[in-house]
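Trainee: I am new to this structure and would be grateful for a guided discussion. May we begin once it is displayed?

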Amino acid sequence: MKSFMRWTAAAALTMFAAAGAVAQEIKISHQFKANADGRDLATRLFVKEVNARDPGLKFRIYPAQSLGIKPVAQLDALQNGTLEMAVFPMSYAVGKAQEFSIIIMPGTVPTLEHAMKLRGTPFQKKLQDLAHANGIHIVTWWWTPGAFATKDREITGPKSVDGLKLRAADPTFEAMLKAAGASVVNMPSTEIYPALQSGVLSGTLTSAETFVSMRLYEQTKIATLPGKYALWMLLQPLVMSKQHWDKLTPAQQKIFEEAAAKSDEYFLGLQRDAVKDMAEAYKKAGAKVRDMTQAEYDQWIALAKDTAWKEFAGKSATAKDLLDALLAVK
């Protein structure tokens, strides 16, 4: 009888712990505008898809830094477990692990279709391993194409950035810009608008989505869109604190993965429209818009190979392994 009571007590504790994990509110933080920016919209779809499968999982989304955590500092909060989830531009993690530069390596992910080909490849597994080693789990596969925009200069090939003060979101990417004669300023996307306004920046590279949602067309007058191939493509996924991911049951992890797959397809559609929306926003603001030509893109790739790619591969064996795995996907 006593052994049965001990067994039932242990079972009850296990059930209670599982119920507690389910009932816990999962906070999701990000820096983007609510109900407008695609990263917020896709987050809401993810939550909806999870709740359709398990209504017991509770979420609360904190857009536009409303949780009081700065964009880069989200990583610390995820690592120490005080924050459960975030939409996190992975280039912000480079300060903790320089190998994260792989997710914005210039010219390596030329199209959204190519980005989707990377799912399920050795590259994705190696990137997830890197994320796990740094206390986070990559949940979604959200890639954003980006563009150049400046106050008063048309960006064409590498020579056209000579003398400009630019932001590109990653030190390895910025090494390529420096080689072309630009000076670089590192900052999260939330600081770009005032930096352009004050003259700290004369131009920037960022996602097409950000150019619109943060109204950067008000401070820049000439935009060079990616055209057929994107030089700047950044992984900005929904990530989860590894310690909180590990607390989910296998069934709950499967639910997250199913919801992530739905959000990936939704986000892909949004990003296909993002460059068009950027072009329209710039034209409406009276700015000049142009596409990067194939010849210009080829010049940038040649420079990237000699600068950003070479510098990154030399950082560590892990970095070279990641670059090789990424370039192996055709």
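**A guided reading of the model**

Mentor: Let us begin with Y62, which is buried, with a relative accessible area of 12%; buried means under 20% relative accessible area, exposed over 50% and partly exposed in between, with a 1.4 Å probe and protein chains only. This is a predicted model, in which local features need pLDDT of at least 70 and side-chain atom pairs count only at pLDDT 80 or more, while totals for chains, interfaces and linings use all residues. Residues are numbered from 1 along each chain as its sequence is written, and side-chain values use heavy atoms, with hydrogens and water left out.

Trainee: In which strand does Y62 lie, and with which residues is Y62 in contact, leaving aside its neighbours within four places in sequence?

Mentor: Helices (H or I, at least four residues) and strands (E, at least two) are DSSP runs, numbered from the N terminus. By that numbering, Y62 belongs to strand β2, residues 58-62. Contact means heavy atoms within 4.5 Å. With neighbours within four places in sequence left aside, the partners of Y62 are E25, K27, I28, S29, H30 and L67.

Trainee: Are α11 and α12 parallel, perpendicular or oblique to each other?

Mentor: Two packed helices are described by the angle between their axes and the distance between the axes. Axes are lines fitted to C-alpha atoms, for helices over the stretch in contact, and angles run from 0 to 180 degrees between N-to-C directions; under 35 degrees counts as roughly parallel, over 145 as roughly antiparallel, 65 to 115 as roughly perpendicular and the rest as oblique. Helix α11 (residues 294-313) and helix α12 (residues 317-327) pack at about 130 degrees, with axes 7 Å apart. The two helices are therefore oblique.

Trainee: Which residues make the contact of α11 with α12?

Mentor: From α12 come A319, K320, L323 and L327. The contact has six nonpolar, no polar and one charged residues by class, where Ala, Val, Leu, Ile, Met, Phe, Trp, Tyr, Cys and Pro count as nonpolar, Asp, Glu, Lys and Arg as charged, and the others, Gly among them, as polar. From α11 come W309, F312 and A313.

Trainee: Which members of the largest nonpolar core touch the most other members?

Mentor: A nonpolar core is a set of buried Ala, Val, Leu, Ile, Met, Phe, Trp, Tyr and Cys residues joined through side-chain atoms within 4.5 Å. The largest such core has 66 residues, and those touching the most other members are L127, W143 and L177.

Trainee: Which helix gives the largest share of this core, and which residues are in contact with L177, leaving aside its neighbours within four places in sequence?

Mentor: The largest share, eight residues, comes from α11. Apart from neighbours within four places in sequence, L177 is in contact with F148, V161, L166, A168, A182, V184, L205 and W300.

Trainee: Is A169 buried or exposed?

Mentor: A169 is found in the loop between β6 (165-167) and α6. Phi of A169 is near 85 degrees, a positive value in a residue other than glycine. Its relative accessible area is 6%, so A169 is buried.

Trainee: What is the relative accessible area of R215?

Mentor: R215 also has a positive phi, near 55 degrees, and lies in the loop between α8 (208-213) and β9 (222-225). R215 is partly exposed, with a relative accessible area of 40%.
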